[in-house]
Amino acid sequence: MDLTTISQSISYANLPKLPSLFHSRATLCSSNSINILGFNCIPRKLKCNARQLRQFGAIHASVAESNSTNVSVTWLLEFIGDGDARHIGSPTAKPGSLEIPSGAVTVGRVAEKADMVIPVPTVSAVHALLQSMEEYLVVTDLDSTNGTFIGEKRLRPGVAAAALPGSLLTFGDTNLAIFRVAKLEKMETPSEPEEAEANTEEEKPSSS
């Protein structure tokens with residue numbers, strides 16, 4: 001049986017000396033609870049017999065449960081170049097958009113040397129280093145021939161810079177190696193173990 005009590009509200013600012021609140025054992029053992037700063041409390045050193053304790057009924061403590069939600073961040077380089085290859089002198093295919101994996105990866109022209117490949121002659125064999133962070137993408141030029149740019153600013157080789165979502169990132173070629181930085185967020189709420197087990201466990205036929 002849940003206890004329904006009439007709470008006496010005592011503000012912290014006007015709180016008198018605690019001993020003066022409890023003048024007699026009858027007051028201590030009444031069914032009233034004391035509300036101090038939003039917490040229903042029973043005074044310490046409470047002395048009651050069994051019959052009086054039964055007046056309090058069942059006392060329950062509720063704990064607020066927080067649902068933890070994981071946010072998975074993925075960085076994407078969206079190709080936005082016009083594909084004009086006249087300055088190269090030979091037909092060159094447009095590169096596609098690049099999804100940046102977690103951790104640090106290198107970007108370059110040669111697959112044997114770079115983690116992510118941009119097959120454009122004006123891109124160096126190992127052009128730049130990219131590292132995914134939660135709020136931005138860290139870009140470091142690796143002493144490339146034609147430079148690495150965030151917007152119109154050319155990065156100093158070996159000096160890391162932050163590329164925010166929406167920034168333009170160029171690997172030496174504004175026609176064939178220019179990308180827009182995009183941040184993708186995916187909300188992942190972990191399911192209860194009981195629900196996951198119920199969904200994955202197959203029903204076994206009963207033996208007769």
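Tyr136 is partly exposed, with a relative accessible area of 32%; in these terms, buried means under 20% relative accessible area, exposed means over 50%, and partly exposed lies in between (1.4 Å probe, protein chains only). The model is predicted, so local features need pLDDT of at least 70 and side-chain atom pairs count only at pLDDT 80 or more, while totals for chains, interfaces and linings use all residues. Residues are numbered from 1 along each chain as its sequence is written, and side-chain values use heavy atoms, with hydrogens and water left out.

Tyr136 lies in the loop between strand 8 and strand 9; strands (E, at least two residues) are DSSP runs numbered from the N terminus. Together with Met133 and Leu164, Tyr136 makes a nonpolar surface patch of about 250 Å². Such a patch consists of residues with over 30% relative accessible area and no salt bridge, its nonpolar side chains (Val, Leu, Ile, Met, Phe, Trp, Tyr) being joined within 5 Å. A salt bridge is a side-chain nitrogen of Lys or Arg within 4 Å of a carboxyl oxygen of Asp or Glu. Accessible areas come from the Shrake-Rupley method with a 1.4 Å probe.

The largest nonpolar core has 25 residues, of which Leu77, Ile100, Ile118, Leu130, Leu169, Phe171 and Phe179 touch the most other members. A nonpolar core is a set of buried Ala, Val, Leu, Ile, Met, Phe, Trp, Tyr and Cys residues joined through side-chain atoms within 4.5 Å. The elements that give two or more residues to this core include strand 4 (70-79), strand 8 (128-132) and strand 14 (178-188); the largest share, 3 residues, comes from strand 4. Leu169 touches, among others beyond four places away in sequence, Leu77, Leu130 and Phe179, where contact means heavy atoms within 4.5 Å.

Strand 6 is largely enclosed by the rest of the structure, because 4 of its 5 residues are buried. Strand 6 pairs with strand 8 in the antiparallel sense over 4 bridges, and Val105 stands opposite Leu130 in strand 8. Strand 6 is also joined by 2 bridges to strand 7 (residues 116-117), the two running parallel; here Gly108 stands opposite Val117. Two strands pair if DSSP finds at least two bridges between them.

Pro95, in the loop between strand 4 and strand 5, is buried, with a relative accessible area of 9%. Pro95 and Phe79 are 16 residues apart in sequence and 7.0 Å apart in space, C-alpha to C-alpha. Among the residues that Pro95 touches, not counting those up to four places away in sequence, are Phe79, Ile118 and Phe179.

Terms used
Patches are made of residues with over 30% relative accessible area and no salt bridge: like charges are joined within 9 Å, nonpolar side chains (Val, Leu, Ile, Met, Phe, Trp, Tyr) within 5 Å.
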